[in-house]
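Hi everyone, thanks for making time this morning. Let me put the structure up on the screen, and then we can walk through it together.

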Amino acid sequence: MRYLTTGILTFGMFCSAVSAATATTLIYGEAGPNRGVRAEATQWFVDQVADKTNGDVTIDVNWGGALFSEKVAVQSIRDGVADMGSVIGVYFPQDMITYGLADLPIPNPDPWVGMRATDKLMRENEQIRENLANQNLVYVGTYTTSAVQVGCKGATIESLDDVKGLKIRGVGAYGKVFHDLGATPVDMSVYEAFQGLDTGLIDCTQTYPYLVEALKFDEVFDSYTELDFGQIGALGIMMNKDSFDALTPEQQTAIMTAGEGLADEFARILTDANARSVKILEDQGTPVLKISDEDRERLAEGGKKYVGEWIERANAAGLDGQGLVDEYTALIVEYTKQRDEQGYPWAPKAN
């Protein structure tokens with residue numbers, strides 16, 4: 001770009017030239033499509049970074065697995081295939097062992113509480129920061145699936161006793177608990193669940209409220225049961241540490257501030273999407289059921305051994321597994337109390 005047409009460089013031209021010379025574009029890898037609630041939140045994060053750096057840092061999101069699939073995201077970000085990107089922790093049980101804490105069946109159905117607890121732990125715990133740094137990674141921000149629920153075709157789950165004998169798609173510790181209750185586990189992605197239900201390959205699928213609308217599950221669900229059984233929360237943004245360290249302190253702060261705000265923004269988006277999805281089911285007459293408090297206690301009890309297994313794996317990796325679980329559960333209590341006393345950050349405040 002040429003500015004000197006008269007031999008005189010104005011101050012404004014000089015500033016523009018300097019800005020252009022120092023502008024940074026970060027490459028972001030995303031396996032999912034450019035639509036849906038998570039894509040909306042990712043774009044919000046991208047816009048926030050640009051705004052907070054006055055355009056000096058822009059993020060180029062490569063959607064739909066154009067750079068790498070979700071199953072090689074950690075290696076790809078670590079090796080610099082992209083500067084940053086989305087990571088689904090369940091695919092990396094060892095590399096993302098610290099993040100995997102957010103996937104454990106620890107009772108908490110609230111997306112905002114879960115994300116805030118996870119974000120603070122990942123951001124501030126020195127064990128976790130060091131574990132990621134040793135992998136050339138920096139944690140930036142988090143998403144969640146929201147509470148684990150179950151939808152069925154040709155079956156109805158009114159109590160946990162109804163799970164026995166059903167073919168259920170489950171993920172992680174949640175799928176293991178279904179198996180312990182007598183279900184036959186089926187390994188498939190949530191994106192394959194519609195066809196699985198439609199063809200009878202499965203009777204039920206582990207799901208999350210917003211997916212009813214997003215994946216058209218209302219067309220195949222004959223019943224929907226609210227288990228409120230923990231969350232899949234190890235889902236978020238990681239950054240290559242070399243790329244992060246190359247930024248100025250001000251740019252690093254902008255990225256981290258936008259990442260921290262992601263929990264509030266995505267919770268707002270997700271809460272609305274969850275409510276819409278449940279209303280779709282209710283409006284078409286699909287039974288929306290809730291298990292009893294006693295059954296919910298059984299689920300929590302059934303999940304404890306898998307929390308214990310995670311603690312053992314974390315200890316073997318040189319971490320304080322029990323300490324991390326205790327800190328995480330304490331943060332859930334802290335943010336639950338904050339929600340109860342102050343409401344959600346995006347909700348109108350009472351006069």
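The lining of the largest pocket takes in 39 residues, and those nearest the pocket's centre are Arg-38, Ile-88, Val-190, Tyr-191 and Tyr-210. Do keep in mind as we go that this is a predicted model. Which elements give two or more residues to that lining? They are helix 2, residues 37–52, strand 3, residues 84–88, and helix 8, residues 211–214. Helix 2 provides the largest share, with four residues. If you sort the lining by class, you get 22 nonpolar residues, eight polar ones and nine charged ones. As for volume, the largest pocket comes out at about 1,100 Å³.

Now let's turn to the second largest pocket. The space in this one is about 410 Å³. Its lining is made of 20 residues, and nearest the centre you'll find Val-90, Leu-104, Gly-172, Ala-173 and Arg-313. Helix 6, at 172–180, and helix 11, at 293–316, supply at least two lining residues each. By class, the lining of the second largest pocket splits into twelve nonpolar, four polar and four charged residues.

In what order do its six strands run? Reading across, the order is 7-6-8-5-9-11, in an open sheet with mixed pairing. The edge positions belong to strand 7, residues 184–186, and strand 11, residues 288–290; each has a single partner strand, so one side of each has no neighbour in the sheet. On average, and ignoring direction, neighbouring strands here are turned by 25° against each other.

Let me zoom in on one pair in there. As a quick reminder, strands in a sheet pair through backbone hydrogen bonds, in either a parallel or an antiparallel way. If you want a spot to look at, find Ile-168, which sits opposite Cys-204 of strand 8.

One last stop, and this one is a single side chain. Asn-131 belongs to helix 5, which covers residues 126–133. Is Asn-131 buried or exposed? Its relative accessibility is 16%, and the cut-off for buried is under 20%, so Asn-131 counts as buried. What does its side chain touch? The side chains of Asn-131 and Gln-135 are joined by a polar contact of 3.1 Å.

That's my tour, so over to you for comments.

Key: Residues are numbered from 1 along each chain as its sequence is written. This is a predicted model: local features need pLDDT of at least 70, side-chain atom pairs count only at pLDDT 80 or more; totals for chains, interfaces and linings use all residues. Side-chain values use heavy atoms; hydrogens and water are left out. On a 1 Å grid over the protein atoms alone, a cavity is a set of points where a 1.4 Å probe fits but cannot get out, and a pocket is an open set with protein on both sides within 12 Å along at least five of seven lines; lining residues have an atom within 4 Å of a point. Grid points are joined across faces, edges and corners, and a volume is the space filled by probe spheres set on the points. Ala, Val, Leu, Ile, Met, Phe, Trp, Tyr, Cys and Pro count as nonpolar, Asp, Glu, Lys and Arg as charged, and the others, Gly among them, as polar. Two strands pair if DSSP finds at least two bridges between them. Axes are lines fitted to C-alpha atoms, for helices over the stretch in contact, and angles run from 0 to 180 degrees between N-to-C directions. Buried means under 20% relative accessible area, exposed over 50%, partly exposed in between (1.4 Å probe, protein chains only). A polar contact is a pair of N or O atoms within 3.5 Å; within protein, one must be able to donate a hydrogen and the other to accept it, and residues adjacent in sequence count only if both atoms are side-chain atoms.
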